Amino acid sequence: MSTTAVERRRGGLIDRRLAARVSATRRYLLTAVGVGLASTVCVVAQAVLLASVISAVLLHDASLGDVAPRLAGLAAAFVARASLSWAGEAAAQRTGTSVASALRRQLLRHALDLGPVWLGGERAGELSLAATRGTTALTAYFGRYLPQAVLAAIAPVGILAWVASQDWPSFLILFALAALVPVAMVYFGRESAARTRRQWRRLASLSARFLDMLRGLPTLRAFGREAHGRREVAEATDGLRRTTLSTLRVAFVSALALEFIAGIGTGLVAMVLGLRLLGGHVSLYTALAVLLVSPEVFLPLRRAAAEFHASTEGQAAADRILSVLDVEGTPPPEQPGGAGQNAPPPHFFGADPTPRAPGRHAVLRAEDVTVAFPGRGAPALKGLSLEVDRGEHVALVGPSGSGKSTTIGLFLGFVHPTVGRVVVGGDDLSTLDAAAWRRRLAWVPQRPHLLHGSIEDNLRIANPDATAAQLARAIAMAGLSHIVDGLPHGLATPVGEGGLSLSAGERQRIALARAVIRDAPVVLLDEPVAHLDAHTEAALRDTFGPWLESRTVLVAAHRPELVARLDRVVRLGTAALVDADFGHEDGSGGGVDGALGAEGRRQ
Amino acid sequence: MSDADLPSAGVVRTLLRIGAPPWRRLALAALLGVLGALATVGLLAGSGYVVDRAAFRPGLGAIAGVLAAVEVLAFLRGPLRYGERLVAHDAAFRSLARWRVWLYDRLEPLAPAGLRGWRSGDLLARVTDDVDVLQDLYLRCLLPVGVTVAAATVAVTLVAVVLPLAGAVLAASLVVALVSAPAVAVVTGTSRGREAELRGRLAAEVVDLLQAAPELLAFGREDAALAAVEATDGELTAISRRRAWATGASAAIVTVCLGAGVTAVLALGVAAVRSHDMGTAMLAVLPLAAVGAFETVPAVAVAAVRASDVVAAGRRLLELASIPVPVIDPERPAAVPEGFLDIAVRGARLRYGPELPWALDGMDLDVEQGGRVGLVGASGAGKSSLVHALLRFWPLQGGSASLGGIALDAFAQGDVRRAVALVDQEAHVFAGTIRQNVALGRPKASDAELADALSRAQLSDWVASLPDGMDTQVGEDGAQVSGGQRRRLALARALLVDAPVLVLDEPTAGLDKESGARLVANVVDDARARGTSVVLVTHRTEDLEPLDRVVVMDNGRVAREDTGLAVSEVAGSAGTAGPAQVTGSTGTAGSTGSPSRSVPEGSPAARAGGPSGRH
């Protein structure tokens, strides 16, 4: 029974799902195994040549000249082994990096597919650790352990067959001991894998804690609680030391067991050969060759064990990565023929002048939608019915926590209704290709995130093909011109992660400029002026009025100052996570009703 | 010279100083390692001797002693290696913990202003990857080199005793391997600095991608962001392939040297046996001893590569440590006086770098104990910089600031921050529970005190509605709570401190305006009852109503200050607003229908509720 087979059956040591991902790199894997086998042949050749030289000189009185060709062959075998190990190293690296890169790509893609709501519940630090360090750790697993595990299953069998052809008693000793190795590996491997997984979780939690403490350093300092952060870091790192050491102890004990087996094997073979030589039952040549080869029976097994322990971090990371890849997104809508790929019909958003009966052709419609996030007490949104016709400007108002952002998220396709339907342009949003729908949207989030890069990079994410004139116009409309002009590098000025060098108000204006550059027919605004002063707000109302005029606008805000022309105001009541303190003034006890609660303000 | 410019040896010395290596454990590990390596040499050479000798059938007595020794070595080798590894790793992890805490200690005094421009993803990479690399300083650099040199010396001596020329040849092949293999690995391996830089970039790009996911998705730019990650990944892959090539080359060199050594020693042995310069029993011993002597040599080639990794990682960490600390506590800090903590700022100037414009440029401010002052002004007017200065996050480069009549820079930073509680614009919500987040303000606070702070921040009803109450998890960076709840958590935290001065930097951002105004009114009423001073930075007219006085800032100084006027009118003239806007704003304020309250600061009423009421 091969080592790999034993492990595969357990399903723990070689994860089927991981092994399946090697298919793309099977060629390199086979190269690595082939190199390993050729290298084993070299080792046997070395032993045979060395034994034959010594035997010839001692027993047959051969001269240096007589054995010179064999000495040359010995040297050649070493050179061949050197070249093979070189090729093997390169092949191993190639396998490992290809698979690690593929997994990283899949992980990030999947995290994006799962969407912002899911990401909001994950720790960015932990997930990024899995995507960087975790996938890198997998390199060792795929590049080294896997080829070595396959080799460990083949090479000892070959060497043992050769020993059997030379000397039976030695074969029996070596075979008996070699058979113990997979048993020891599986036993210790199981112990170690469980511990390493715990250790990986701790490492991930250390990393998340550290990033959290780092981000919160200003707050910690403001409260004189630097020592608390220090303690958090020290505790996490000390726990890590103890967990790692206990994991390693298992790995070391397993290495100890294997060295023991190998040592006893070599020792026993040496003793038995020595005694049988004394009795004249074996030739010096055979004895020496078998003695020299016997450690090589154990070497591939020991290496596989060492690589296994060296790659356990990668396996634990794989657990985390696979668990993310296994998280299922929204179930695909049950619709025959290209479900989820339908683009919304363009005529709903373009300048199609055909008048439509209100209601039937609403651009945005929520039908009795309830949204409940798991583990969050009351639903975030309850029984929302809402309609926004083409060209209409509608405001969502309500106290904080009443579900305004959740509603915006519904129309972005970030939030999926627990009950009810979201319909855009006449089609159920869940049947549409979300990306195609979002091409028609411009969104101003409540807390805009700035990517690491220049101001221009951050603007261009809304439209990479925007011209300099378009950028300048957007900047001017958002009232950022005087700020950008005052910067030494203008638009090329880098902004830090999280927009460290810009105030919340400036970030919000960048988000507004993004929306302008996006130039989309449907505009979703989430508290667009929450961080702006009254003066800026008034100025923005003047510049944005004409721009918004021809577009369909849904704005979430208590008082939607930015939108000059409002057709309707929809009031959301307390739904969840809301301070009852503010609930009463809205006079609604949890229900939301777009139709009844709407205040006719058509101009 | 800053630490970051140190030569390699200096970096290693500095790292050792910080890591305070447990030398005794390391010495023990080295001893065990050398004994383990010698056991291998002995096992190989001894078993060669046994077979060689036995071939001439001398009788059991002649080989029994060596045979027994071989068996003992076969048993000992495993435990020796086990002991070495365990002790060495324990030593390395102890240093690792010191390096991590050291790094935190170095970063802590830099926040918030000193760390501007650093990406948290990059910092994360430094603290996890770079610090982890440091453990190799012991495990893969110092120990393997020491063990190999010691064990090889003993093996060469052994061979030289049997056949001096063979000893010399073996020594030569070892020296060639020990010098050329590391040299090849280091020279052909690509720049470590570049790789480390790319790893940092990759981590930062991944964090960016995950944190900005909503925007990227909304704008359909997720594929571009993924492509950027992949480009970095591709560069890293190319580097690691070159590195694998170099590692393979250096391993090949070791094998070739081993082959040369073994072949040459064997040839010399054959010649010596033929000329009767050496006994026949030693012929097998020589090549096998040579094999044993080479066993740990590959580790030295690895050590050279790892050493440059360690130095690169160490240099990057020391680079962080060399960022100048903006504020240093005085050696003998003054005690913050009990009683009246009047704030007086005179002609204050502040900027974040010599090349940057002045953020404060001649700022004046007076807040007497119990005073309630609003700070308004356009973005970039210097409001937050004034807050930084008041909390001693950044020093003044000109002018003066005092608290309770004593210069601000005479106090320890911690003492200032116990007296001046801050609700920051960017107040961080930590992953953890509501309780943990609020208790940060005063860790020893009782449940009743926590509940009181939550109630004063108007969070009690929300908390009561949650299934887990105060033990509800708020998610990373408060992701599971709304913007308004975030602000109020930060407020509750600051209220729990019960400091004589409360500084609120945009406390209502993310709240709707009525809620915000009500929150501020509650806080200010609460402060009035306790005699707490309030400095409120805001852009909202509504928030200013309960304040005594409003200071309008522009270009880092006071543009206008009013006490007697309706504050909303003053706020309307913030920034560059002309008369038209003032009128407009007044109209807005009028429409909300709230008369402004102008309690003159320092009035008997305010004084009466002063610190005596608080204590």
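1. Basis. The model is predicted: local features need pLDDT of at least 70, side-chain atom pairs count only at pLDDT 80 or more, and totals for chains, interfaces and linings use all residues. Residues are numbered from 1 along each chain as its sequence is written, while chains are lettered from A and ligands numbered from 1 in the order in which they are written.

2. Chains. Chain B has 22 helices and ten strands, and chain A has 19 helices and twelve strands. Helices (H or I, at least four residues) and strands (E, at least two) are DSSP runs, numbered from the N terminus. Of the 615 residues in chain B, 58% are buried; for the 603 residues in chain A the share is 57%. A residue is buried if 20 or more other C-beta atoms lie within 10 Å of its own, exposed if 12 or fewer, and partly exposed in between, with C-beta atoms placed from the backbone.

3. Sequence separation of contacts. Two residues are in contact if their C-beta atoms, placed from the backbone, lie within 7 Å. Counting contacts in chain B between residues at least 6 apart in sequence, 79% join residues at least 24 apart. In chain A, residues 24 or more positions apart account for 80% of the contacts with a separation of 6 or more.

4. Contact between the chains. Chain B contributes 145 residues and chain A 137 residues. On the chain B side, helix 9 (residues 222–274) gives the most, with 27 residues. That side divides into 73 nonpolar, 40 polar and 32 charged residues. Here Ala, Val, Leu, Ile, Met, Phe, Trp, Tyr, Cys and Pro count as nonpolar, Asp, Glu, Lys and Arg as charged, and the others, Gly among them, as polar.

5. Helices 5 and 10 of chain B. Helix 5 (residues 136–162) and helix 10 (residues 285–293) of chain B pack at about 170°, with axes 9 Å apart. Axes are lines fitted to C-alpha atoms, for helices over the stretch in contact, and angles run from 0 to 180 degrees between N-to-C directions. The two helices are therefore roughly antiparallel (an angle over 145 degrees). Residues in this contact include A152(B) and V159(B) of helix 5, and L286(B) and A289(B) of helix 10. By class, the contact has ten nonpolar, one polar and no charged residues.

6. Sheet in chain B. Four strands form an open sheet of order 2-1-4-5 with antiparallel pairing. Strands pair if DSSP finds at least two bridges between them. Strand 1 (residues 343–350) and strand 2 of chain B are joined by six bridges, and I343(B) has V367(B) in strand 2 as its bridge partner.

7. A517(B). This residue lies in helix 18 (residues 513–530) of chain B. A517(B) is buried, with 22 other C-beta atoms within 10 Å. Beyond neighbours within four places in sequence, A517(B) contacts E542(B), D543(B) and E545(B).

8. Core. The largest nonpolar core has 391 residues, and L288(A), A513(A), V51(B), L286(B) and A289(B) have the most contacts inside it. Such a core is a set of buried Ala, Val, Leu, Ile, Met, Phe, Trp, Tyr and Cys residues joined through C-beta atoms within 7 Å. Helix 9 of chain B gives the most to this core, with 21 residues.

Technical notes
Angles under 35 degrees count as roughly parallel, over 145 as roughly antiparallel, 65 to 115 as roughly perpendicular and the rest as oblique.
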